[in-house]
Amino acid sequence: MSRQVRVRFAPSPTGPLHMGGVRTALYNYLFARRHGGKMILRIEDTDSQRFVPGAEDYIIESLKWCGIGIDEGVGVGGPHAPYRQSERREIYLKYAKQLVDAGWAYYAFDTAAELDALRKEAEARGETFAYNYTVREKLPTSLSLSVDEVEARISRGDQWVIRFKMPENDTVEMDDLIRGHVKVNTSTLDDKVLYKSADALPTYHLANIVDDHLMEISHVIRGEEWLPSLPLHYLLYKAFGWTDSQPQFAHLPLLLKPTGGGKLSKRDGDKMGFPVFPLFWKSPATGETARGYREDGYFPEAFVNMLALLGWNPGTEQELFSMQELTDAFSLDRVSKSGARFQPDKAKWFNAQYMHRKSDAELAELFQPVLREHGVEVSDELAGRAAGIMKERATFITDLWDLTCYFFVAPTVYDEKQTKKYWKGDNPARLAELREVLAAIDDFSLENTESVVNAWIAEKGYGMGQIMNTLRLALVGAGKGPGMYDVTAFLGKDETLRRIDYILTNLKPIE
């Protein structure tokens, strides 16, 4: 690529960042890193009516949690600052007027009542109202009014908008890096508002084109919901004379519901029990909350790995990727045109895979807060050992407490089903025999204990299952846990003997 790759993620701070938005940011980031380019964060806050306090901070924190680095933009700075559109408002009117002067746009003074009347007339004829070449010269616009009248209306403070003058019966030819070559007839398009005097702010269409040009964006990678706007954006580049430097476009597929029908929404997550946002969110206006992947216990690297494969495939069987591996493998030509169905169970599978790959030291750091919540204070070495033994059975760090609690807290009550099955007949007496065998062992390592006890069982002719399950009842209190020699090695000789003594003393055998 001859020009430097410069991409932007340009969300609106209208609420929490949907996981589909995170995927858009991720694909931009991977594309930029793959080609040695720059990733820009721009906040498109020109819709003042929908602005939500706290949403911008949420966006920045979400990207940080995911490991999506920003080279320029809000919170970082850069040569094209400011990066919030509300702080660039004085820029846009100049460009809107430039389009009017060049005949590509016009002032419109029509009121909501006038437009509503036209809609009703169209409905009466069985038609859909469109603000285009059929009506723009019948309404109070700079196309139908004299120059003096236009200036007079503006001078006395009448509200106005600037609309793009969509050409009649022309063909716009466009190229999309994912969807290929597309043609659209301009007579099917309406005259979009570019600028509003009421709040002295541009609409998305003008602001993003101007900013992408001024920030030297080379590639616009965004969601497919913006695909219908592509003809207008192509024409705006033509109208400004910027065709030679306009970015290449790529429109990403939607994230679909688990059922496959329609776009994934918060309602789907609420109904089916999974988050659709990266972080927990509480609305400052309504108090409504939304679950987050971080707070639900997902690792950021698992969340990112899962998202990357929703709409892109590497062309191989590989499913687990580090961020660097994703960067090395990513290309837009392997992004799907069709929507990607989200699978909650697959998200959990990814988290489990990353759990299994973590070292004992990493697990200890994550598991210690859970242990402290349960009143357990142990060394990182013990916390990591317990987690390491059971990590293959866990999906989330929080799962580890139920899987390992008996390592830290001796049972004083025993599972009823296991008790009825194993605390009867000769089993208590054989456990008492085993206690003496264990008491005589000096080297209480897993391997040595296993060797000595197995030899004793064989010599006595006892059933391995009966002995081991009775020992499990004494040490764990239930029919769960890893191999018993993992448990004895973890507990150590003194604690192992103490737990055996406790059950022998306190639990009456089943008759």
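**Exercise 1.** Which side chains meet in a salt bridge with an N to O distance of 3.9 Å?

Solution. The model is predicted, with pLDDT of at least 70 needed for local features and 80 or more for side-chain atom pairs, whereas totals for chains, interfaces and linings use all residues. Residues are numbered from 1 along each chain as its sequence is written, and side-chain values use heavy atoms, with hydrogens and water left out.

Step 1. A salt bridge is defined as a side-chain nitrogen of Lys or Arg within 4 Å of a carboxyl oxygen of Asp or Glu. The structure holds 33 salt bridges.
Step 2. The pair in question is arginine 42 and aspartate 211, at 3.9 Å from N to O.
Step 3. Arginine 42 belongs to the loop between strand S2 (38-41) and helix H2 (55-66), and aspartate 211 to helix H6 (residues 204-214), so this pair ties together parts that are 169 residues apart in sequence. Helices (H or I, at least four residues) and strands (E, at least two) are DSSP runs, numbered from the N terminus.
Step 4. Arginine 42 and aspartate 211 are buried; the term stands for under 20% relative accessible area, with exposed over 50% and partly exposed in between (1.4 Å probe, protein chains only).
Step 5. A network of salt bridges links Arg8, Arg42, Glu44, Arg88, Asp211 and Asp212.

**Exercise 2.** Describe the salt bridges of glutamate 87 and arginine 430, and classify the residues by accessibility.

Solution. 
Step 1. Glutamate 87 is bridged to arginine 84, with 3.0 Å between the closest N and O atoms.
Step 2. Glutamate 87 is partly exposed because its relative accessibility is 39%. Arginine 84, with a relative accessible area of 26%, is partly exposed.
Step 3. For arginine 430 the partner is aspartate 426, and the closest N and O atoms are 3.6 Å apart.
Step 4. Arginine 430 is partly exposed at a relative accessible area of 22%, and aspartate 426 is partly exposed at 49%.

**Exercise 3.** How many aromatic pairs does the structure hold? Describe the pair of tryptophan 312 and phenylalanine 321.

Solution. 
Step 1. The structure holds 26 aromatic pairs. Rings of Phe, Tyr and Trp (its six-membered ring) pair if their centres lie within 6.5 Å; planes under 30 degrees apart count as stacked, over 60 as edge-to-face and the rest as tilted.
Step 2. Tryptophan 312 and phenylalanine 321 are 6.0 Å apart centre to centre, with 65° between the planes, and form an edge-to-face pair. Both tryptophan 312 and phenylalanine 321 are buried.
Step 3. In tryptophan 349 and phenylalanine 350, the ring centres are 5.1 Å apart and the planes stand at 80°, so this pair is edge-to-face.
Step 4. Tryptophan 349 is partly exposed at 31% relative accessibility, whereas phenylalanine 350 is buried with a relative accessible area of 2%.
Step 5. One aromatic cluster is formed by Trp65, Tyr293, Tyr298, Phe303 and Phe396.

**Exercise 4.** Is aspartate 176 buried or exposed? Where does aspartate 176 lie?

Solution. 
Step 1. Aspartate 176 counts as buried because its relative accessibility is 5%.
Step 2. Aspartate 176 is found in strand S6 (residues 171-176).
Step 3. Between the C-alpha atoms of aspartate 176 and leucine 227 the separation is 9.3 Å, although these residues are 51 residues apart along the chain.
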